[in-house]
Amino acid sequence: MDAWIEFGRGPLFRLAFSLMVLGLLRVGLLSTVGIAEAYRRSPDRILAWPEMARQTLGWLVPVRRLWRTRPLYSATSFLFHAGLLAVPPFLAAHVLSWKRAVGLAWPPIPQRAADWLTVLTIAAGLGLFLGRLLDRRARALSRRQDYLWPLLLVVPFASGYMCSNAAIAPKTYQVLMLLHVYSGNLIMILIPFAKIAHCVLAPLSQLVTGVSWKFVPGAGDRVAATLGYAERPSWVEKSRLDAGPSARQGKGVWIR
Amino acid sequence: MQPLAPEERNRAFTSTKKPEVIQRQRLGVRYHAEDFAVAERPRRFIEAFAAILKHTNYRLALDHYVRVSAKCSRCTVHCQVYAATKDERDIPCYRSELLLWVYRRHFTLAGILRARVLGEPGLSDERVQEMADAFYNCTACRRCYLQCPMGIDHGLLTHLGRYILSEIGIAPRALVVSTREQLTGASGNTSAIPVPALLDGLEFLSEEMQEEKGIEIPFPMDQEGAEYLFLPAVSDFIMEADTLMGNAAVFRATGDSWTIGTKYYDGINYGLFYSDHVLEHVLQKVQAEAQRLKVRKILIGECGHASRAAKYFYPTYCGGRDALPVVNFIEYTHRVWKEGRLKLAPEVITGRVTYHDPCNIARPGWIVEQPRELLKAFCGDYVEMTPNRRENICCGGGGGTVSIDEILSFRTLVGGRQKADQIRATGAKYCVAPCANCKKQLRELAEEHQIDCQIVGLHDLLYKAIVFQ
């Protein structure tokens with residue numbers, strides 16, 4: 001079993017971590033390139049930069065706005081995010097692993113703080129799962145991944161906590177460590193393909209929305225022409241019904 | 001807020017369409033749609049969607065939103081429609097997902113492959129019907145946007161959803177018929193007001209003002225080289241005489257040059273509500289008139305959507321950075337008052353006054369404090385509604401729904417339910433709503449909920465306070 005753990009901590013970790021970084025780079029770049037393209041296509045370059053910056057920063061550091069509506073849910077979610085961002089990269093044991101592997105190190109968070117934060121993150125994760133399950137509104141919106149993510153994210157936290165804190169038999173330790181390492185790797189591989197990609201995409205959202213409201217001149221005419229209705233825009237006197245499909249002269253539509 | 005009683009729910013959601021119309025259109029939505037071909041709707045929806053994606057910027061937002069959407073349900077607290085119905089289908093994120101689903105399923109590689117492997121069915125007629133219903137339950141007020149940690153603009157998706165639907169003929173008849181008159185009709189405006197009627201009406205208003213104020217207050221017509229081309233919501237010319245008198249009086253007091261063009265005098269642009277194609281063609285009419293009269297600025301009257309359509313899309317379609325500046329009348333009045341060129345007598349209005357922020361001008365933070373400063377200058381008892389300013393609650397008639405008479409009960413019982421409570425709580429005698437759509441909706445709302453409050457425009461009251469030197 002030790003060999004499996006070593007494989008998970010070594011080659012598999014390197015693969016999973018690279019996939020996560022490359023995958024996130026990809027989606028981040030796609031949105032960035034999309035923003036640039038859309039911006040270029042519209043002659044209207046007037047964007048509310050300060051407003052977009054304020055909105056973006058306001059959600060990145062949601063100290064003020066989060067509590068005004070649904071405070072309990074907001075607090076839970078905030079705590080969960082804080083734990084996810086702070087513990088994995090700054091846990092002393094993880095920092096040490098990095099130092100051994102690549103020779104780079106950064107100041108870790110104190111062990112007691114990490115322990116508390118881990119417990120709170122686990123509680124918050126379970127809280128979010130239950131909240132989603134029990135709230136009618138959230139249930140109406142939820143897909144499978146929305147239920148699974150909080151649970152999946154809690155697994156490496158819980159197993160890691162037990163490994164470093166509980167007095168457990170060596171055999172159990174091995175099993176838990178295996179779970180810890182492999183669930184962590186799985187999460188990293190999945191992140192770019194799931195909603196967790198918002199960790200790099202959310203800061204771009206205001207810009208995406210701002211640019212998306214910048215329309216392309218002539219697009220309406222071109223859409224009508226593509227659909228074969230160049231001479232019969234949607235407001236013409238005689239309805240398209242009378243003309244029938246035979247009146248359309250457009251070519252086949254290209255679907256990507 | 002009182003929960004929706006079963007009887008009210010029934011009244012709000014019952015279709016007033018005749019059975020034969022539903023049969024013919026094969027569409028059970030509560031508003032009348034245009035009579036378009038009804039065959040193969042799902043296929044045509046996807047074709048229209050593809051064509052729009054090909055020629056516009058929407059793919060960026062869809063791609064991004066599909067990836068970030070976390071389904072956190074925070075938007076539920078900010079939607080006045082959901083607050084009234086408590087129906088999950090009215091949650092902004094739920095509605096947006098209807099369109100995002102189509103995008104994911106038919107326009108992303110992952111979605112197409114997934115469907116192949118799992119044998120998922122594609123877009124169906126039922127889903128098209130659901131979207132047609134959902135996108136016109138939304139008032140496109142964009143309040144939920146402020147609550148979305150992921151920055152998803154559900155208003156943008158409502159706009160896109162309606163645009164695609166309109167290309168396959170699913171658009172409220174009320175909007176299409178008005179647009180048809182505006183773009184191809186003889187009158188060239190949404191209310192079909194011919195020029196002689198316009199001139200008659202304005203002459204009558206001038207006489208009225210002469211009697212009241214004792215001075216001549218003209219409406220300059222076709223003045224070449226004027227500074228401002230004035231475009232109110234055209235319905236103001238027949239419905240909101242007081243607002244127009246206030247507008248003219250402000251110019252009389254400042255002496256700035258302005259004009260109304262007889263070739264085109266309609267600020268309304270329903271394109272903002274349902275079609276980019278319409279949006280562009282209407283703004284081109286504005287540009288043609290501005291060029292004909294060689295004006296230097298476009299001045300939009302008290303109308304939220306007309307102001308937003310012109311302010312944010314005139315540069316897009318009519319010259320980018322070189323486009324003529326667009327000014328809202330409240331902005332103008334506020335500026336000249338600040339400069340000391342307009343004198344207002346204090347405390348002319350003694351009854352309690354409150355202010356309703358029209359979404360289209362308040363949400364972007366564009367016109368928020370200006371009307372408040374003006375009102376406080378001449379009203380003795382000014383109170384705020386809560387919430388207000390950028391976080392205002394929609395009147396319930398936004399997104400063009402106010403023009404759809406078939407859904408009047410829906411607007412007053414559901415869409416405007418929170419607003420009615422808000423207005424009642426202020427105890428105001430006057431509710432100032434500087435927007436043609438908001439005014440119509442709020443009046444219907446006050447009637448339905450028996451609120452003793454007069455709905456007026458800003459310049460209606462301001463007219464009484466102007467001091468002529």
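## Packing in a predicted two-chain model

The buried residues of helix 20 of chain B pack against helix 1 (6–13), helix 5 (80–85), helix 21 (417–426) and helix 22 (436–448) of chain B. This is a predicted model, in which local features need pLDDT of at least 70 and side-chain atom pairs count only at pLDDT 80 or more, while totals for chains, interfaces and linings use all residues. Residues are numbered from 1 along each chain as its sequence is written, and chains are lettered from A and ligands numbered from 1 in the order in which they are written.

Helices (H or I, at least four residues) and strands (E, at least two) are DSSP runs, numbered from the N terminus. A residue is called buried if 20 or more other C-beta atoms lie within 10 Å of its own, exposed if 12 or fewer, and partly exposed in between, with C-beta atoms placed from the backbone. Helix 20 (residues 408–415) of chain B is largely enclosed by the rest of the structure, because six of its eight residues are buried; these are B:Phe410, B:Arg411, B:Thr412, B:Leu413, B:Val414 and B:Gly415. Packing and touching are judged by contact, which requires the C-beta atoms of two residues, placed from the backbone, to lie within 7 Å.

### Domains and the chain contact

For chain B the domain assignment, which is automatic or taken from a database, gives domain 1 (6–171), domain 2 (186–336) and domain 3 (342–467). The C-alpha centres of domain 1 and domain 2 of chain B are 34 Å apart, and six residues of domain 1 of chain B are in contact with four residues of domain 2 of chain B.

The contact between the chains takes 62 residues from chain B and 63 residues from chain A. Among the elements of chain B that each supply at least two residues to the side touching chain A are helix 3 (41–55), helix 6 (92–107) and helix 15 (276–293). That side of chain B divides into 29 nonpolar, 18 polar and 15 charged residues, where Ala, Val, Leu, Ile, Met, Phe, Trp, Tyr, Cys and Pro count as nonpolar, Asp, Glu, Lys and Arg as charged, and the others, Gly among them, as polar.

An open sheet of four strands in chain B has the order 2-1-3-4 with parallel pairing, two strands being paired if DSSP finds at least two bridges between them. Its edge strands, each pairing on one side only, are strand 2 and strand 4 (326–328) of chain B. Helix 16 of chain B packs on this sheet, touching strand 1, strand 3 and strand 4 of chain B, and its direction makes about 155 degrees with that of strand 3 of chain B. Angles run from 0 to 180 degrees between N-to-C directions, and axes are lines fitted to C-alpha atoms, for helices over the stretch in contact. Helix 17 (residues 329–338) of chain B lies across strand 3 and strand 4 of chain B, at about 75 degrees to strand 4 of chain B.

Both faces of strand 1 (residues 228–231) of chain B are covered, with B:Tyr228 and B:Phe230 buried on one side and B:Leu229 and B:Leu231 buried on the other. B:Leu229 stands opposite B:Thr259 in strand 2 of chain B and opposite B:Ile298 in strand 3 of chain B.

| Strand | Partner | Bridges |
|---|---|---|
| strand 1 of chain B | strand 2 (residues 258–259) of chain B | two bridges |
| strand 1 of chain B | strand 3 (residues 297–300) of chain B | four bridges |
| strand 6 (residues 349–355) of chain B | strand 8 (residues 430–432) of chain B | three bridges |

B:Val353 stands opposite B:Tyr430 in strand 8 of chain B.

The axes of helix 19 (residues 369–378) and helix 23 of chain B come within 10 Å and cross at roughly 35 degrees. In this contact B:Pro371, B:Leu374 and B:Phe378 of helix 19 meet B:Leu458, B:Leu462 and B:Ala465 of helix 23 of chain B, giving six nonpolar, no polar and no charged residues.
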